[in-house]
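Please read the following briefing alongside the sequence and the coordinates.

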Amino acid sequence: RYIQHGCGYEKITVIPNGIEFDHFDRIPDSCIALGLDVKTLAYAGNTDDFQGVDQLLKAFQIALQHKNNLQLMIVTQSSFDKYRPLAQRLNIWSSICLVKANFEALPSHLAKADILLNPRTDCDGYPIKLLNYMASGKPIVTFEGSAKNIIHGINGWIVKDGDIDAFAGAILMLLEKPILAQSLGITAKEHSSRMHSWQAIAQKLDIVYKSLLDSWQM
């Protein structure tokens, strides 16, 4: 918008959202291993239409047809009532676990997941859920329209918007390739710490403020 109104690109510095990185970095070991032969896929966030929960459920149905030991954990404080009929029609309701949790409890639930899912296809800014996912150090599958900060195959897995079959395929592929999945999660966490911790954000702001002061003093 600034550029459209005549501001030079060289005058613009973009500083992304910060997250409570330390909040996701203090998970007791008891939260990580469930000790069950169940692979947990997790979505955390509200259930507004723009979040793509309907696409999430359809992709989960496809994945479940290929691998029957999957569970979809939905961590939300929103009502899931509008999606329950769809889940029942897709015959996946019994494989869904609804968890009502606030931000304080979120890290312990994300730590239980094998893969974190972002079914949103459009986002102008930074999806906070994606930043939280990255801080948790888990592999992420996301549609490209909201894949801010994700580099495909490096710190997450990006799927073309609306391609539900590919979304399900990415889930199954990462479950079959745990080394790759672990690598994606580790790199995502490193990126989160380097770019989105409040310490990192403060340092970037400090550089901007210093450059403004130096310019003013000249």
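Against which elements do the buried residues of α4 pack? The buried residues of α4 pack against β1 (39-44), α3 (106-110), β4 (115-118), β5 (140-143) and α6, where contact means heavy atoms within 4.5 Å and buried means under 20% relative accessible area, with exposed over 50% and partly exposed in between (1.4 Å probe, protein chains only). The model is a predicted one, in which local features need pLDDT of at least 70 and side-chain atom pairs count only at pLDDT 80 or more, while totals for chains, interfaces and linings use all residues. Residues are numbered from 1 along each chain as its sequence is written, and side-chain values use heavy atoms, with hydrogens and water left out.

**Helix α4 and its burial**
- Helices (H or I, at least four residues) and strands (E, at least two) are DSSP runs, numbered from the N terminus.
- Helix α4 is mostly covered, since eight of its nine residues are buried, and these are Lys129, Leu130, Leu131, Asn132, Tyr133, Met134, Ala135 and Ser136.
- Glycine 137 follows α4 and has a positive phi, near 75 degrees.

**The crossing of α4 and α6**
- The axes of α4 (residues 128-136) and α6 (residues 178-196) come within 6 Å and cross at roughly 115 degrees, with axes fitted to C-alpha atoms over the stretch in contact and angles running from 0 to 180 degrees between N-to-C directions.
- On the α4 side the contact is made by Leu131, Met134 and Ala135, and on the α6 side by Ala188, Lys189, His191, Ser192 and His196.

**Aromatic pairs**
- The structure holds three aromatic pairs, a pair being rings of Phe, Tyr and Trp (its six-membered ring) with centres within 6.5 Å, where planes under 30 degrees apart count as stacked, over 60 as edge-to-face and the rest as tilted.
- The ring centres of phenylalanine 80 and tyrosine 83 lie 5.7 Å apart with their planes at 40 degrees, so this pair is tilted, and both residues are buried.
- For phenylalanine 80 and tryptophan 93 the centres are 6.2 Å apart and the planes stand at 20 degrees, so this pair is stacked.
- Phenylalanine 80 is buried at a relative accessible area of 5%, whereas tryptophan 93, at 25% relative accessibility, counts as partly exposed.
- Phe80, Tyr83 and Trp93 form one aromatic cluster.
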